[in-house]
Amino acid sequence: MQSLTSNEVAGLAVGALLLGATIAAPKVDAIIAASQRRSLGMCRKCGDLKNVACGRCKGTGTIKSGGFFGFSDSSNTRSVACDNCQAKGCFPCPECSKS
Ligand SMILES: [Zn+2]
Ligand SMILES: [Zn+2]
(Lines give C-alpha, C1' and ligand atoms only; values in the text may rest on other atoms or scores of the structure.)
(Ligands and ions follow the chains in the order given, each with its own letter.)
Protein backbone atom coordinates (compact mmCIF):
# COMPACT_ATOMS: atom_id res chain seq x y z
CA MET A 1 0.00 0.00 0.00
CA GLN A 2 1.35 3.35 -1.01
CA SER A 3 0.55 6.68 0.51
CA LEU A 4 -0.69 9.39 -1.81
CA THR A 5 1.90 11.58 -3.46
CA SER A 6 1.55 15.32 -3.12
CA ASN A 7 0.55 15.50 -6.78
CA GLU A 8 -2.32 13.11 -6.18
CA VAL A 9 -3.45 15.09 -3.14
CA ALA A 10 -3.34 18.31 -5.17
CA GLY A 11 -5.31 16.62 -7.93
CA LEU A 12 -7.98 15.53 -5.48
CA ALA A 13 -8.21 19.02 -4.02
CA VAL A 14 -8.61 20.60 -7.46
CA GLY A 15 -11.22 18.00 -8.37
CA ALA A 16 -13.20 18.78 -5.24
CA LEU A 17 -12.94 22.50 -5.92
CA LEU A 18 -14.14 22.08 -9.51
CA LEU A 19 -17.03 19.93 -8.37
CA GLY A 20 -18.06 22.52 -5.80
CA ALA A 21 -17.76 25.32 -8.35
CA THR A 22 -19.90 23.41 -10.84
CA ILE A 23 -22.65 22.88 -8.29
CA ALA A 24 -22.54 26.48 -7.10
CA ALA A 25 -22.29 28.03 -10.58
CA PRO A 26 -26.01 28.60 -11.36
CA LYS A 27 -26.54 30.16 -7.95
CA VAL A 28 -23.49 32.38 -8.30
CA ASP A 29 -24.64 33.29 -11.81
CA ALA A 30 -28.02 34.45 -10.51
CA ILE A 31 -26.40 36.48 -7.74
CA ILE A 32 -23.97 38.10 -10.17
CA ALA A 33 -26.76 38.83 -12.68
CA ALA A 34 -28.89 40.49 -10.01
CA SER A 35 -26.01 42.56 -8.65
CA GLN A 36 -24.94 43.51 -12.18
CA ARG A 37 -28.45 44.70 -12.99
CA ARG A 38 -28.51 46.71 -9.80
CA SER A 39 -25.08 48.23 -10.41
CA LEU A 40 -26.16 49.12 -13.96
CA GLY A 41 -29.28 50.76 -12.58
CA MET A 42 -31.47 48.16 -14.24
CA CYS A 43 -34.62 46.76 -12.73
CA ARG A 44 -33.92 43.52 -10.93
CA LYS A 45 -37.32 42.11 -11.75
CA CYS A 46 -37.62 42.79 -15.46
CA GLY A 47 -34.15 43.91 -16.51
CA ASP A 48 -35.58 47.25 -17.68
CA LEU A 49 -38.04 45.62 -20.07
CA LYS A 50 -40.73 47.44 -18.06
CA ASN A 51 -42.95 44.41 -18.45
CA VAL A 52 -43.24 41.02 -16.83
CA ALA A 53 -44.84 38.08 -18.62
CA CYS A 54 -48.32 36.99 -17.61
CA GLY A 55 -48.13 33.71 -15.74
CA ARG A 56 -51.57 32.57 -16.80
CA CYS A 57 -51.12 32.69 -20.58
CA LYS A 58 -47.31 32.45 -20.47
CA GLY A 59 -47.03 35.77 -22.26
CA THR A 60 -49.06 34.74 -25.31
CA GLY A 61 -52.14 36.79 -24.44
CA THR A 62 -54.44 33.90 -25.21
CA ILE A 63 -55.46 30.83 -23.29
CA LYS A 64 -56.90 27.61 -24.59
CA SER A 65 -60.53 27.26 -23.78
CA GLY A 66 -63.36 24.92 -24.57
CA GLY A 67 -64.58 21.75 -22.96
CA PHE A 68 -63.20 22.83 -19.65
CA PHE A 69 -66.34 21.89 -17.80
CA GLY A 70 -67.47 19.49 -20.47
CA PHE A 71 -70.80 21.19 -21.14
CA SER A 72 -70.00 23.11 -24.27
CA ASP A 73 -68.46 21.89 -27.48
CA SER A 74 -65.93 19.73 -25.71
CA SER A 75 -64.55 18.40 -29.00
CA ASN A 76 -63.11 21.78 -29.88
CA THR A 77 -60.60 23.86 -28.06
CA ARG A 78 -60.34 27.48 -28.98
CA SER A 79 -58.08 30.29 -27.96
CA VAL A 80 -59.65 33.09 -26.02
CA ALA A 81 -58.16 36.31 -24.82
CA CYS A 82 -56.49 35.96 -21.47
CA ASP A 83 -58.61 37.79 -18.92
CA ASN A 84 -55.72 37.94 -16.50
CA CYS A 85 -53.69 40.36 -18.61
CA GLN A 86 -56.40 41.60 -21.01
CA ALA A 87 -54.69 39.67 -23.84
CA LYS A 88 -51.54 41.76 -23.54
CA GLY A 89 -49.44 38.81 -22.46
CA CYS A 90 -47.61 40.89 -19.93
CA PHE A 91 -48.03 43.36 -17.11
CA PRO A 92 -46.26 46.59 -16.38
CA CYS A 93 -43.39 45.69 -14.08
CA PRO A 94 -44.49 46.40 -10.50
CA GLU A 95 -40.95 47.43 -9.58
CA CYS A 96 -40.65 49.93 -12.42
CA SER A 97 -44.18 51.32 -12.13
CA LYS A 98 -43.50 52.25 -8.51
CA SER A 99 -41.40 55.24 -9.47
ZN1 LIG B 1 -52.30 36.58 -19.68
ZN1 LIG C 1 -38.96 46.41 -13.78
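**Entry 1: K50.** I began at K50, which has 14 C-beta neighbours inside 10 Å and so counts as partly exposed. The model I am reading is a predicted one. I found K50 in the loop between α1 and β1. I then looked up its backbone: the phi of K50 is positive, about 70 degrees, although K50 is not a glycine. I noted beside this that most residues other than glycine have a negative phi.

**Entry 2: D48.** I went on to D48, which also has its place in the loop between α1 and β1, the strand at 51–53. D48 is not a glycine, yet its phi is positive, at about 70 degrees. Is D48 buried or exposed, or something in between? I counted 13 C-beta neighbours inside 10 Å, and therefore put D48 down as partly exposed.

**Entry 3: P92.** I turned to strand β4, residues 90–92, where P92 is found. Which residues does P92 touch, once its neighbours within four places in sequence are left aside? I listed K50, N51 and S97 as its contacts.

Entry 4: I looked next at α1, which takes in residues 6–39. How far apart are the end C-alpha atoms of this helix of 34 residues? I read only 43 Å, short of the 50 Å that a straight helix would reach at 1.5 Å a residue. I searched α1 for a bend and found a kink of about 50 degrees at A25, shortly before the proline P26. I looked for buried residues in α1 and the count was 0 among its 34, which leaves the helix hardly covered. Just after α1 I noted G41, with a positive phi of about 75 degrees.

**Entry 5: the whole chain.** The secondary structure comes to 1 helix and 4 strands, and from the N terminus on the order is α-β-β-β-β. How much of the chain counts as buried? I wrote down 4% of the 99 residues.

Note on methods: Residues numbered from 1 in each chain as written. Chains lettered and ligands numbered in written order. Predicted model: local features only at pLDDT ≥ 70, side-chain atom pairs only at ≥ 80, totals over all residues. Helix = DSSP H or I, 4+ residues; strand = E, 2+ residues; numbered from the N terminus. Buried ≥ 20, exposed ≤ 12 C-beta atoms within 10 Å, placed from the backbone. Expected span 1.5 Å × (residues − 1). Bend = angle between axes of the 7 residues up to and from the residue. Contact = placed C-beta atoms within 7 Å.
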